[in-house]
Amino acid sequence: MKLGLLTAPFADTPLDKVADWASSEGFQALEIACWPKTSGPSRRYAGTSHIDVASISASQGKAIVAKLKKKGLEVSALGYYPNPLHPDKAHRKAVIEHLKQVIAGAGKMGVGLVNTFCGGDASQTLDANWKEAQKVWPDIIAFARDNGVKLAFENCPMIFSYDEWPGGHNIAYSPYIWRRIIETWKGEVGMNYDPSHLVWQMIDQSRFIREFGPHMFHVHAKDLMIDRDGLYERGIMSAGIGWQIPRMPGLGEVDWSGFFSGLYRAGYDGPVIIEHEDRRFEGTDEAVKRGFLLARDVLKPFVK
């Protein structure tokens, strides 16, 4: 295993500087955020463009990987997390076009994995969304295959605000859909596993890893705390809004010993990438770094 970080919180810091700091602090891998190179407001911890995949050449891509390797860092994946099943067709078209650019960029770099979301229309049922996914995703998967790239969906429901309620913006969050994904797109689509999303859904982590561990292509390390007062006030029908609190690893309710035990038993030996969404450690790069270092110290004893 190698411990690393997702570069998304360093939106205004060049990749070289992020890499220098990560390497100096003992991190071994980076998942590189590759949103479109645009300006204006974006979703929290989204919108970061550390590689402009729309304009990168194969030689430039290989040079980035080689430069990071000299610093002792591997690229675990390129990351872009939009909603490819968005009900607005123009929005959907735009994000799929950029996702394909990320895939092509990964191919040019020799990076074999792109992390993303399956997507979802919050107003539709899981089954209706799954039918739509079967129409949308085969073309993207074929494009990835042609570029020598595999895809990993994160198991995040994407329901943090009322514009995402009640169904969320990503259907690949529970065993109910994951069995279909694995059966339908055998070996070409796997999971980017994040244990924090199981906590508030009350899904058993150990059982989940036992069933889906062999299909995990990539792993995120993020913790989550349930605000019990918020849960009392809003109830489970709010689908986590107002009581799911992302935290740095070690500050929430994920059983990290059980997490790593399950991964080792499942045969997972890939990167473990810290994902930072903790409001207690943001606002400046120094605060973000403090959060990453706290997480590093919690997780490092398990990573061998």
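This is a predicted model: local features need pLDDT of at least 70, side-chain atom pairs count only at pLDDT 80 or more; totals for chains, interfaces and linings use all residues.
Numbering starts from 1 along each chain as its sequence is written, and side-chain values use heavy atoms, with hydrogens and water left out.

**Exercise 1.** State the order in which the 8 strands close into a barrel.

*Solution.* Take strands as DSSP runs of E, at least two residues, numbered from the N terminus. Pairing needs at least two DSSP bridges. The order is β1-β2-β3-β4-β5-β6-β7-β10, with parallel pairing. Neighbouring strands in this sheet are turned by 30° on average, direction ignored. Now check the β1–β10 pair: residues 2–6 and residues 271–274 are joined by 4 bridges, in the parallel sense.

**Exercise 2.** Is H276 buried or exposed?

*Solution.* Locate H276 in the loop between β10 and α10 (285–299). Buried means under 20% relative accessible area, exposed over 50%, partly exposed in between (1.4 Å probe, protein chains only). H276 counts as buried because its relative accessibility is 2%.

**Exercise 3.** Which residues does H276 touch, leaving out those up to four places away in sequence?

*Solution.* Contact means heavy atoms within 4.5 Å. The residues are P9, Y45, M248, F281, V288, G291 and F292. Next, take the polar atoms. The H276 side chain reaches the backbone oxygen of F281 at 2.7 Å. A polar atom of that H276 side chain also lies 3.3 Å from the backbone nitrogen of D278.

Definitions and conventions: Axes are lines fitted to C-alpha atoms, for helices over the stretch in contact, and angles run from 0 to 180 degrees between N-to-C directions. A polar contact is a pair of N or O atoms within 3.5 Å; within protein, one must be able to donate a hydrogen and the other to accept it, and residues adjacent in sequence count only if both atoms are side-chain atoms.
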